[in-house]
Amino acid sequence: MTEFSSEDIFKSLLDSKNINLSKEDFDQSYLSYKNFRKNYKEILDDDFNHFEPRQRIFDLSDEQ
Amino acid sequence: MSNNPFYKSIEEIRNIYETKQASVSEISNTFIKRIKILNPKINAYLEVFDKESITDSKKADEYIKNGNQNILTGIIIGLKDLVDVKGKITSAGSKILEKNIAKSNSKITEDFNQQNSVIIGKTNLVEFAFGTLGINTNTPTCRNPWDLERVPGGSSSGSAVAVSAGLCTFAIGTDTGGSVRMPASLCGITGFKPSYGIVSRRGVLDLSWSMDHVGPMARSAEDCLEVMKVISGFDISDKYSQNITSNFSKIDNHKREEISIAVPKNYFFDDIDPDIKKTILSAANKFDDLGYRVEEIEIPFVEEGRNINVGVLLPEAISIHKQYLYNHDKYTRTVLNRLLGGLGVTADEYLAASRKMSKFNFEMSKLMKKHNILLTPTVPVKTPKIKDSESPNTPEANLMGKFTGVFNLTGQPSISVPAGLSKDKMPIGLMLSGRMLEDNDVLNVAIDWQKETEFHKLLPDI
């Protein structure tokens, strides 16, 4: 099976939205994309499944 | 204090009207004249409502004459150009929305109209409020009044510059990762991000529905409190509005010894500019001297906050911008490059970031049971020069929101107040962040700080 590089995946995401970028813009956007993928890798490396999404207020009466 | 109205507080302006020293029409005309002289230099405003401000001022004068003066009657306001005013363009600093005429008023515009305030114009901003430095190549370059070669900070750049240069009494900004507090810090003014959901966002363009906040930017925390009295409250037409009653009042017998102020030793002081570090630690000592319970703490989990903030924000921004991306040629390169970084996020990833946000907020809530206030710098870096800030990935652009974004994630109330000047005479901001929904306490600690210091009275030489 063909292995796609991260750059290929980013190119295909741009193609799917008909976005054509200059070389310089592509490099800058790809840098943002790579940083963001790294960010998600770090986020996913944790256990948080017992939390509801986007909660801000908690009952802490039982907490020390 | 001089007799001009440009740097007077809301209370002082109210007093001018009450004692008939000047009318609203006279005051607003004086502001318009100053805007005409200074705005071409600093580009705080994108549009000035000269004609409407004459009509609004006459109406306000009539109300005052009839004894109907309210908290913000006749007060001169700048609105970030992300906020709808019926019949006026809301451009968001974008070429895509340059002809976007608002069909109705935002909730806060309605609030100001009910008060018979004078909305004097729309302020400059980063395109779609998506940037930290205040640079937008679509609009005339917004400049920091303290040094015209330096950035004002963003994204509410024009609002901060307008207040700093005395071109309105207060302005409204929006804050998704620090966009009220960062420019407030860089321009030497006070900027308040309220708790999530206590100021309606109806009629304010979204960047990220989970992180967006609307807040006041003013010369002082006391003025921010006056504005909060008017703009806070439940709005059934805003699905993110919280159905709770917030009380905003100045506390006369402020009991310093009962207030615990925590100074985090990690993260907020790691690798920051030495001038900023020295100034903020000196502020912490001052709070200690004033009788507050100041304590150094560690917040081990806080390092993850920025990643989670961006992890939720960017896919939401992409979702909102889906309707505009076909027009991608019209975006500024900086914002487009940043935005496209969020392409291809899966539902699993967004959900993971959203759940991790709750875990982070739970940890922060537990910590805040022990403390009333977290005391930190607002930003970690010096104010960069405009000429060095045009690339989307400069170190300053990436680091500027490192501290502020944490409190968009948690939704805690957070204020930036002036705390001194750097060696190169640029303002340094101190950030005070409180418990969720305890906005009044944060504002009153900031008011107390400004009662004991003079930093918020320093003015740029413009």
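The structure is a predicted model, in which local features need pLDDT of at least 70 and side-chain atom pairs count only at pLDDT 80 or more, while totals for chains, interfaces and linings use all residues. Residues are numbered from 1 along each chain as its sequence is written, and chains are lettered from A and ligands numbered from 1 in the order in which they are written.

Chain A comes first. It has two helices and zero strands, where helices (H or I, at least four residues) and strands (E, at least two) are DSSP runs, numbered from the N terminus. The radius of gyration of chain A, taken over C-alpha atoms, is 19 Å, well over the 11 Å that the globule rule (2.2 Å times the number of residues to the power 0.38) gives for 64 residues, so the chain is more spread out than a compact globule. Its C-alpha atoms fill a box of roughly 55 × 30 × 20 Å along the principal axes.

Where the two chains meet, the contact takes 30 residues from chain A and 37 residues from chain B; residues are in contact if their C-beta atoms, placed from the backbone, lie within 7 Å. On the side of chain B that touches chain A, α9, α10 (333-340) and α11 each supply at least two residues, and α11(B) gives the most, with 14 residues.

Two of these helices also pack against each other. The axes of α9(B) (residues 305-321) and α11(B) (residues 347-368) come within 9 Å and cross at roughly 140 degrees. Axes here are lines fitted to C-alpha atoms, for helices over the stretch in contact, and angles run from 0 to 180 degrees between N-to-C directions. The two helices are therefore oblique to each other, since angles under 35 degrees count as roughly parallel, over 145 as roughly antiparallel, 65 to 115 as roughly perpendicular and the rest as oblique. Among the residues making this contact are B:Ile308 and B:Val312 of α9(B), and B:Met357 and B:Phe360 of α11(B).

B:Phe360, which lies in helix α11 of chain B, deserves a look of its own. With 22 C-beta neighbours inside 10 Å, B:Phe360 counts as buried (20 or more other C-beta atoms within 10 Å of its own; 12 or fewer is exposed, and in between is partly exposed). Not counting residues up to four places away in sequence, B:Phe360 touches B:Phe301, B:Glu304, B:Gly305, B:Ile308 and B:Leu409.
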